[in-house]
Amino acid sequence: MSRLQATLKHSSGLGRKARAYTGNAFDRLFRSADMVLAGQTPFDVLADDGLVSLRHYPPLTETTVDLGEATVPVADRVHRVPVVIVPPLAVNMLIYDLFPQRSLVRYLRARGFEVYLIDWGMPTREHSHYNLHTYVAELLPRYLEKVRHHSGEQDLSLHGWSMGGLFTLFYAALSGDPHIRNAIVVGSPIDSHASGLIGRLYRRFSDMAGVVRRHTPFRLHNVKPHWLHTPGWANTIGFKLTNPVGSLMGYWELLLHLGDREFVANHATTAAFLNRMVAYPGGIIQDTVVRVWIDNQLSEGTIQIGDDLARLETIQANLLAIAGDDDTLATPRSAARVLDHVSSTDKTFRVVPGGHMGILAGSRAPEASWIELADWLGERSD
């Protein structure tokens, strides 16, 4: 090859790279919605009250599904006990179906489970008065009853991540529902004051709250919930600030891999989840700040839900609790305290790699926890 031909070939290669970088950058900035890979698993909406809806994921049409680099056969038989996913507030539902090859709902369906998901919707200021009692004692039992009616089964398995795990525990403790066969809680803080640096911050808030209560009549629950309503954009910022270095590194890695279409699509998909967080009703802010963070009631095994007191010792469901070794919001030490309080005879605690989001839907989650989760659940669902 002549020097001229080599130069032309090199120039052609640079041109292709430049076009790839330019095209990917344009699409990531202006057409990111078209690049998102999440939310591709079909579902039926069984009920919708204008805010909260109930999803059912029908049987898969494929004979196999991808799980990372592996292929998983779709089970021929269905376990008797359905799985109900109880999400936390503030997040959108893309997290449960993030990528075709990393979709929790698709994987559970492939492993032979009937899968339902309660979508809490997008609360507005109209819903500012919604609090723990609203979700745990009113909405959750209402939608679980709809699951029972549709599935024809009374026994249910509940899967809750983060606040969804707390909702799961609160419901089981408050209702005494004997038909909650299995409870899986992922990244849920029981002793919030034991969550590392953020736990020390909560303890400081607790000390300050004690001073305020002794010397002033101010109580957070006397504030109008409307004033405490937290918009989705604020929750997005707050979530990213739990790992600011990681958030910045994500965009740095995007620049480094801008010529890689697959990497850019994956980045757009993850960002679609992180940047579309949902509002917190003011009543939830009041209950969470006071009862979970400041007063740390769960560390003693109880939680006030409205005028009622839920006791974790009343929970007898089979329990699988999972914590992430890098989770700063619910450290393993904080999450493990659930074992001290529930009365379950079958209870398991696991620490897996990852942070708060990673333990649910990160690249290591399928191998680190999903397979064991499905195995554990399968043994207790027939």
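What you're looking at is a predicted model, where local features need pLDDT of at least 70, side-chain atom pairs count only at pLDDT 80 or more, and totals for chains, interfaces and linings use all residues. Residues are numbered from 1 along each chain as its sequence is written, and side-chain values use heavy atoms, with hydrogens and water left out.

Rolling a probe the size of a water molecule over the atoms shows where empty space is left. A cavity here is a set of points, on a 1 Å grid over the protein atoms alone, where a 1.4 Å probe fits but cannot get out; lining residues have an atom within 4 Å of a point. Points are joined across faces, edges and corners, and the volume is the space filled by probe spheres set on them. There are 2 cavities of 30 Å³ or more.

Helix 14 gives the most, 3 residues (helices are DSSP runs of H or I, at least four residues, and strands runs of E, at least two, numbered from the N terminus).

Now for the second largest cavity, about 30 Å³. Helix 14 again has the largest share of the lining, with 4 residues, while strand 11 (318–324) and strand 12 (347–352) each supply at least two. Among the lining residues are Arg350 and Glu372, and the lining divides into 5 nonpolar, 1 polar and 2 charged.

Methods: On a 1 Å grid over the protein atoms alone, a cavity is a set of points where a 1.4 Å probe fits but cannot get out, and a pocket is an open set with protein on both sides within 12 Å along at least five of seven lines; lining residues have an atom within 4 Å of a point. Ala, Val, Leu, Ile, Met, Phe, Trp, Tyr, Cys and Pro count as nonpolar, Asp, Glu, Lys and Arg as charged, and the others, Gly among them, as polar.
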